[in-house]
Amino acid sequence: MRDRLYDALRSPDISVEEFSEQISTAQVYEYCRITRVSKPRGRPPKAKAGGTHDQ
């Protein structure tokens, strides 16, 4: 990744947008062979009224 920054700083042919795309999260994860496992989002489901007790 450091090489990409060096190349971007030294080359007038690489635009800011192109460099941003090169270092995007998806590109970096792929380059580093990282598989992201997303965590569940939001609140956990509410417990049902009455719980587990029989009345």
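R33 is exposed in this predicted model. Its relative accessible area is 77%. That value is over the 50% cut-off, so R33 counts as exposed rather than partly exposed. R33 is found in the segment after helix 3, and that helix covers residues 25-31. The backbone at R33 also deserves a note. Phi of R33 is near 55°. This is a positive value, and R33 is a residue other than glycine.

The relative accessibility of A8 is 16%. Buried means under 20%, so A8 counts as buried. A8 belongs to helix 1, which is made up of residues 2-10. Its neighbours within four places in sequence can be set aside. A8 is then in contact with I14 and F19. A distance to Q22 was also computed for A8. The two residues are 14 places apart in sequence. In space, A8 and Q22 are 10.0 Å apart, C-alpha to C-alpha.

The chain as a whole gives the setting for both residues. The chain has 55 residues. It contains three helices and zero strands. Read along the sequence, the pattern is α-α-α. Buried residues make up 4% of the chain, and A8 is one that counts as buried. The chain exposes about 5,900 Å².

Note on methods. Residues are numbered from 1 along each chain as its sequence is written. This is a predicted model: local features need pLDDT of at least 70, side-chain atom pairs count only at pLDDT 80 or more; totals for chains, interfaces and linings use all residues. Side-chain values use heavy atoms; hydrogens and water are left out. Helices (H or I, at least four residues) and strands (E, at least two) are DSSP runs, numbered from the N terminus. Buried means under 20% relative accessible area, exposed over 50%, partly exposed in between (1.4 Å probe, protein chains only). Accessible areas come from the Shrake-Rupley method with a 1.4 Å probe; for residues, only the protein chains shown count as cover. Contact means heavy atoms within 4.5 Å.
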